[in-house]
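Here's a model to look at together, with a few questions about the words used to describe it. Take a look first.

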Amino acid sequence: MLAIVAAVLFFLAFLINAADISTNDTFTSVNLMLLGLTALALHVAGAVGWARSRSSRRRR
């Protein structure tokens, strides 16, 4: 789930950067890339793993 969020944030950052869209200071392409990296790091760390928690219940 977080990997999909990261991919969407990276795509939005790419569009803002490629189209040279002027945005306010909050939604710059660098800020969106940092949010994407945060979501990707949480995904890799397994911080929010709904599928993992459901599958662990079945094994018990």
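Q: Which residues form a nonpolar patch on the surface?
A: This is a predicted model, and in it the patch is made of Ile4, Val8, Phe11, Leu12, Phe14 and Leu15. Together they have about 580 Å² of accessible area.

Q: Why is Leu12 called partly exposed?
A: Buried means under 20% and exposed means over 50%. Leu12 has 38%, so it sits in between and counts as partly exposed.

Q: Where is Thr28, and why is Thr28 called partly exposed too?
A: Thr28 is in the loop between helix 1 and helix 2. Thr28 and Leu12 are 16 residues apart in sequence, with their C-alpha atoms 9.8 Å apart in space.

Q: How do you know that helix 1 is roughly antiparallel to helix 2?
A: Look at the axes: they come within 8 Å and cross at roughly 165°. Angles over 145 degrees count as roughly antiparallel, so helix 1 and helix 2 get that label. Their crossing is left-handed.

Q: What elements does the protein have, from the N terminus on?
A: They run α-α-α, with 3 helices and 0 strands.

Note on methods:
Residues are numbered from 1 along each chain as its sequence is written. This is a predicted model: local features need pLDDT of at least 70, side-chain atom pairs count only at pLDDT 80 or more; totals for chains, interfaces and linings use all residues. Side-chain values use heavy atoms; hydrogens and water are left out. Patches are made of residues with over 30% relative accessible area and no salt bridge: like charges are joined within 9 Å, nonpolar side chains (Val, Leu, Ile, Met, Phe, Trp, Tyr) within 5 Å. Accessible areas come from the Shrake-Rupley method with a 1.4 Å probe; for residues, only the protein chains shown count as cover. A salt bridge is a side-chain nitrogen of Lys or Arg within 4 Å of a carboxyl oxygen of Asp or Glu. Buried means under 20% relative accessible area, exposed over 50%, partly exposed in between (1.4 Å probe, protein chains only). Axes are lines fitted to C-alpha atoms, for helices over the stretch in contact, and angles run from 0 to 180 degrees between N-to-C directions. Helices (H or I, at least four residues) and strands (E, at least two) are DSSP runs, numbered from the N terminus. Angles under 35 degrees count as roughly parallel, over 145 as roughly antiparallel, 65 to 115 as roughly perpendicular and the rest as oblique. A crossing is left-handed if the near helix is turned anticlockwise from the far one by less than a right angle, and right-handed if clockwise.
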